[in-house]
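Biologist: Can you walk me through this model? I'd like to start with how the chains meet.

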Amino acid sequence: MRIHRRALLKGAAAAGLAVAAPAVLRAQGALFRLGLLTVKSGPLAQGGIQMEQGALTFLKERNYMMGGRKVDFVSADTGGNPAGAKTKAQELVERDKVDVIVGPLAAFELYAISDYVREQRMPTLSLAAADNLTQRQPNPFLLRASATSSQSMHPIGHYAATELKLKRAFCITEDFAFGYEQMGGFQAAFQKDGGCVVNKLWPPLSTPDYTPYVAQIADCDGVCQGFAGSNPLRFMKAYASAGLKYPVVTGSTGGDDALLKSYGEEAIGLISCSPYTLDLETDGNKRFVDGIMKNHNTIPGFYAAGIYINCQVVDAGLKAANGQSEDKEKFMAALKTVSLTDTPRGPIKFDHLGNVVGTSYVRRCGTEGAKYGLKLWNKTIKTYENVSQFWTWPEQEFLAHPVYSRDYPPLTKC
Amino acid sequence: MTFWVLLTVNSVTFGGLLFLLSAGFSLIFGLMRIPNLTHGSMFMAGAYLGATLLAGQLGFSLNFWLAAVVAALAVAALSALMERVLLRRLAGQQLAQVLVTLGVSLMVADICLMVWGGDPISVDNPPGLGGFVRIGAAALPLYRMAVIVIAAVFAIGLWLMLERTRLGAMIRAGVDDPDMARVVGIRVSRLFTIVFALGAGLAAFAGMIGGPILSVYPGLDQDMLPLALVVVILGGTGSIIIGFIYNFGQALLPELAYFVLFLPMVLVLVLRPQGLFGGQVL
């Protein structure tokens, strides 16, 4: 077959044009790759499975479209440990070539991948609550639409001091960073409003029976617990079994709506503060809850809502960037400008460090108003709007303190 | 005062639960020399099965005690199968047994996660045992007292079985000298299966009995297995001793909770490898 010289030229020119075509043209049609870092095995799987359900519910609702692009969803199981998180983050970035990562679940996982996502310039929307990554050691590629560990604990500290009129609180939570940061936040806000923390106890993460710790709770008029995973369930049981009656306050994980179906009478009266609440009567939340119930036949809590909201942020950010995610700096900048009003938790926006400013809900657990076949229900009794990670302190003053830890703020005599 | 009463009673309760868990472990290890790392999984599987039978998700609902027994029987049957199919082939190879039982325990954990999901399941106290007993100022949960009684009943029952029955005599013969037991006509192979199933059943029963105290959740197996190991290494009244060390250690030295728990194990292993009250090994 003889090829005409002119036809050959034309063909070559066309091919060259296709190669040289601006990235925009190709990007519009290209798949948008969404990577989820979650935990589907081991003790942390309870929240991890919900995270995947949140992502899938969002994608089904939007017919697998984000910011005008078709989504390719990749889910990775980190196993709930830092080494696994690092490996899976590398796989998502280098093998699956994702455009954005949502997750991981736990603070120690986030610390493990923080440097890597910064090097790779990979926009990461985390659920994990490691305070300092949006405070004293901010990571420009990190965005947190959920909350820092202490963000829900400041309001509950305020509530305990001003509304419950507690004077002497006894704090108990797990012996790891999330626990320290939670109790630090509670103590700082509680003491600011005139309360005093009499003692802080740190049981190890895996403690089959909390009775030995519960036995030490005394000399107080209220208890603050910050347990996560399945631990709140066992703590509240041991607490009730010991016949203790002091009011108990807790944060987002200790009173999570997803635990309602597992809790029994021991949880009645538990007051929790969370950035998400199942009983929020808005269209945004109704759409989310209905979606989860339809797709997965389960009652959602904080973890499912958190990832669903992260997906909303990605969608809005991608729209703001005209569907372009190739220039990571620009995409990240677009993500940071996102402010939404119809998320399951209500309106959210981000501060300049990439952490969310949004509503915190104080709820009391009881039987009144229970829906979805549940026996117990967290009923909202107070809302704190526009809660930032700095609570009511000026940013400079807040950041001048060390990060909340086991020893900060120190216990004072009371 | 309340503090000490509460801790003491809780120590005995927890010791009782550990006794139920580790009695089976001792039997299996003593007779078959199998370091059975699936023991925690059997505990967890028993609790999951029992909780499911109790909640009536299968269309019928059993009462607490019946659920515990049925769960124990089911786990015992599955474990007998595992002994026949897997462990039988690895007789005498301890490293292989450790690896296989560890592997099976991880698989069981994932299967439980698949079937029951990640949500913790709480188990209600059996009817009639939800209240408190008052001793001085301390309120002691009735159910925890009941656990002590159950453990005592099982301790006596096991002792009678080992000392007074033909099966017990065969087990003791098998522990002391399996080869000689074979020579005198004891079917040691069948004995192994029976003991393995019995030990597994006890662990599963303990899982359900522990349900109202510990609840059931992914990772329960990994929480309980090390405790069973420590108890078996201490031997004798190890379960009560560990119950006390565990509870008082956590209350008085919370920073050193694990240190206090495992220190006795390390000391006994180094200084008295035959166990606290064990006789001279021949």
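This is a predicted model: local features need pLDDT of at least 70, side-chain atom pairs count only at pLDDT 80 or more; totals for chains, interfaces and linings use all residues.

Biologist: How many residues of chain A are in contact with chain B?

Modeller: 29 residues of chain A are in contact with 31 residues of chain B. Two residues are in contact if their C-beta atoms, placed from the backbone, lie within 7 Å.

Biologist: Which element gives the largest share of chain A's side?

Modeller: α9(A), with 4 residues. Helices here are DSSP runs (H or I, at least four residues), strands are too (E, at least two), and both are numbered from the N terminus.

Biologist: And how does that side split by class?

Modeller: The side of chain A that touches chain B has 15 nonpolar, 11 polar and 3 charged residues. Ala, Val, Leu, Ile, Met, Phe, Trp, Tyr, Cys and Pro count as nonpolar, Asp, Glu, Lys and Arg as charged, and the others, Gly among them, as polar.

Biologist: New topic. Which residues touch the most other members of the largest nonpolar core?

Modeller: A:L34, A:I101, A:V102, A:A169 and A:I307, out of 124 residues in that core. A nonpolar core is a set of buried Ala, Val, Leu, Ile, Met, Phe, Trp, Tyr and Cys residues joined through C-beta atoms within 7 Å. Buried means 20 or more other C-beta atoms within 10 Å of a residue's own, exposed means 12 or fewer, and partly exposed is in between; C-beta atoms are placed from the backbone.

Biologist: Which helix gives the most to this core?

Modeller: Helix α11 of chain A, residues 302-320, with 11 residues.

Biologist: What does A:I307 contact?

Modeller: Leaving aside neighbours within four places in sequence, A:I307 is in contact with A:M51, A:G54, A:A55, A:V102 and A:L127.

Biologist: Now the backbone. Where is A:P104, and what bond joins A:P104 to A:G103?

Modeller: A:P104 lies in the loop between β4 (100-102) and α5 (107-120) of chain A. The bond from A:G103 is a cis peptide bond, with omega about 0 degrees.

Biologist: What about phi at A:N297?

Modeller: A:N297 has a positive phi of about 50 degrees, although it is not a glycine. Most residues other than glycine have a negative phi.

Biologist: Is A:N297 buried or exposed?

Modeller: Exposed: A:N297 has 8 other C-beta atoms within 10 Å.

Note on methods. Residues are numbered from 1 along each chain as its sequence is written. Chains are lettered from A and ligands numbered from 1 in the order in which they are written.
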